[in-house]
Amino acid sequence: MGDSIGATDLVSARHDKAGMQRQWDECAKHLLEDVDPAMAGEIQPGDILIAGNNLGTGHAHYYMAAIMGSAASGLSAILADSVNTLFLRAAVDAGVTVWNLPGISHFVNSGDRLHIDLRTGNAENRTQNSHKQFPPVGDAVLQILEAGGSRNWALRTVGADHAVR
């Protein structure tokens, strides 16, 4: 995707009611429908959405529909050259991998097969047989993502018996 993909580009404000009712599967059906109408039907589990600068712009009211709709669609991550800080924080808080990897949009083309290790910052574009080093993601953020969100991470950290979803 290009630059300035906002929350309402990911899931249009027309589907706000589904977002407010936490109907993430319904939000997923409309992922990027105004930007690339065929996209939602083409997403396969494990796909990564790559964007340019300013991912996640717009009003915070629409963040969760965009974030959780993306996750429900099967996307394993959304990576961008730069991400709106509040959007990034909301995604990590929800346990959804959204992160800044400066230069990622110039490292891949649509359809390329990637392997990215966020812990080390190593990225391999297996289609183009190229490698790139990005700044690694910190351990605390990775632990929150691995726990499925900040609430589960906090419960684990204090030794609670179970995590909640």
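## Helix 6 and its surroundings

Directly after helix 6 comes G95, whose phi is positive, near 85°; helices here are DSSP runs of H or I with at least four residues, strands are E runs of at least two, and both are numbered from the N terminus. This is a predicted model, in which local features need pLDDT of at least 70 and side-chain atom pairs count only at pLDDT 80 or more, while totals for chains, interfaces and linings use all residues. Residues are numbered from 1 along each chain as its sequence is written, and side-chain values use heavy atoms, with hydrogens and water left out.

## Helices 7 and 8

The axes of helix 7 (residues 139-147) and helix 8 (residues 150-157) come within 7 Å and cross at roughly 100°. Helix 7 is therefore roughly perpendicular to helix 8, a label that covers angles of 65 to 115 degrees. Q143, I144, E146 and A147 of helix 7 meet S150, N152, W153 and R156 of helix 8, with contact taken as heavy atoms within 4.5 Å.

## D112

D112 lies in the loop between strand 3 (98-100) and strand 4 (114-117). The side chain of D112 reaches the backbone nitrogen of N109 at 2.9 Å, and the side chains of D112 and N125 are 2.8 Å apart.

Technical notes. Polar contact = N/O pair within 3.5 Å; in protein donor to acceptor, adjacent residues only side chain to side chain. Axes fitted to C-alpha atoms, helices over the stretch in contact; angles between N-to-C directions. Parallel < 35°, antiparallel > 145°, perpendicular 65-115°, else oblique.
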